Amino acid sequence: MSESPLRILTPEFISRLSNMELRARLIVEGFLIGMHRSPYHGFSVEFAEHRQYFPGDSIGNIDWKVYGRSDRLYIKQFEEETNLKAYILLDASNSMGFPVRGPSDKRDGKVTKLEYASYLAAGLIYLMMKQQDATGLAVYDETVRSFFEPHLTYSYMKRLLTELSDTKPNAKTSTAAALSSLAERIKRRGLIIVISDFLDETRSVITALKHFRHRKNEVIAFHVMDEAEINLDYPGDSIFTDLETGEQVSTQVSAMKTTYRNNVNRFIHELKSKCFENDIDYSLLTTSTPFDKALTAYLTRRKKIF
């Protein structure tokens, strides 16, 4: 592959790919090239089913008996005696649709917060399943929109990636309520990964995240923001529209930029410090952050578990 690992891991490059499975694979392969070593480990597994062989699959998993009968290459697909159950909880509320594009806007390589979060979730799912970790997915806004229990098969991975591909921003944010509901539904201890802009009341969000910790789960919070949200880099007089209420505010940006930035930094600092106080891994990601930062954070937490 002619592209450099860092180039492959940029959201702008990933957004140009044709489907979510290809995005997930390229995110992980680019990450591994950059690491110069594989984090995959040979866990104990039991046979479950077959899937078609794809270039890059280990030939050691080819079922040669099936090949002898059908003259086609199939891989033994496995159901895990897994070391880990993982859940990815994705915020798909309207605020995650920032920045909004009009019908005439050109893509120009930029991604929305939800697109970035979906690509990250896809990469994590692909990496986890390669590590033989059963993985599930929940998509939420005001309520839990969809919920998939963790499993470990290729067909199930494709189902999760399709869900991510079809997910659009909708409804208001209620991260705290949705996470509390999910904490009640997740009965088996595992790894919880929350991907959100966390634009909710911070104390309530932390209480919900602590709910997972009280149930002995490991927790990672990926805080996704757009750089324009952090820096308020807009010209002169601007009109801002709340994506969840529709309320509009007209303001002179230069007059409020310093105060705005201080408030955003205070919000980020509070969320980060409260996470660390409760042994919750926290990572701030902008929509231009290469995906290797997030995958490294995941592997660091996973190493602590084992």
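Helices here are DSSP runs of H or I with at least four residues, strands are E runs of at least two, and both are numbered from the N terminus. With that settled, on to the model.

This is a predicted model, so local features need pLDDT of at least 70, side-chain atom pairs count only at pLDDT 80 or more, and totals for chains, interfaces and linings use all residues. Residues are numbered from 1 along each chain as its sequence is written, and side-chain values use heavy atoms, with hydrogens and water left out.

Start with the core. A nonpolar core is a set of buried Ala, Val, Leu, Ile, Met, Phe, Trp, Tyr and Cys residues joined through side-chain atoms within 4.5 Å. Buried means under 20% relative accessible area, exposed means over 50%, and partly exposed is in between, with a 1.4 Å probe and protein chains only. The largest such core holds 54 residues. Those with the most contacts inside it are Ile 88, Leu 124, Leu 164, Ile 193, Ile 195, Phe 222 and Tyr 298. Helix α5 supplies the largest share of this core, 13 residues. Another core lies apart from it, with 30 residues, including Tyr 87 and Phe 212.

Take Leu 164. Leaving out residues up to four places away in sequence, Leu 164 touches Met 20, Leu 90, Ser 118, Ala 121, Ala 122, Ile 125 and Leu 137. Contact means heavy atoms within 4.5 Å.

Next, α5 against α11. The axes of α5 (113-130) and α11 (292-305) come within 10 Å and cross at roughly 40°. Axes are lines fitted to C-alpha atoms, for helices over the stretch in contact, and angles run from 0 to 180 degrees between N-to-C directions. The two helices are therefore oblique to each other. Which residues meet? From α5, Leu 120, Leu 124, Leu 127 and Met 128 meet Ala 294, Leu 295, Tyr 298 and Leu 299 in α11.

Now the backbone. Most residues other than glycine have a negative phi, and most peptide bonds are trans. Where are the exceptions? Gln 132 has a positive phi of about 65° and is not a glycine. Gln 132 sits in the loop between α5 and β4 (134-140), and counts as buried at 18% relative accessibility. Leu 232 also has a positive phi, about 55°. Leu 232 is in the loop between α9 (227-231) and β8 (237-241), buried at 5%. Last, the peptide bond from Phe 98 to Pro 99 is cis, with omega near -5°. Pro 99 is in the loop between β3 (85-91) and α5.

Methods. Angles under 35 degrees count as roughly parallel, over 145 as roughly antiparallel, 65 to 115 as roughly perpendicular and the rest as oblique.
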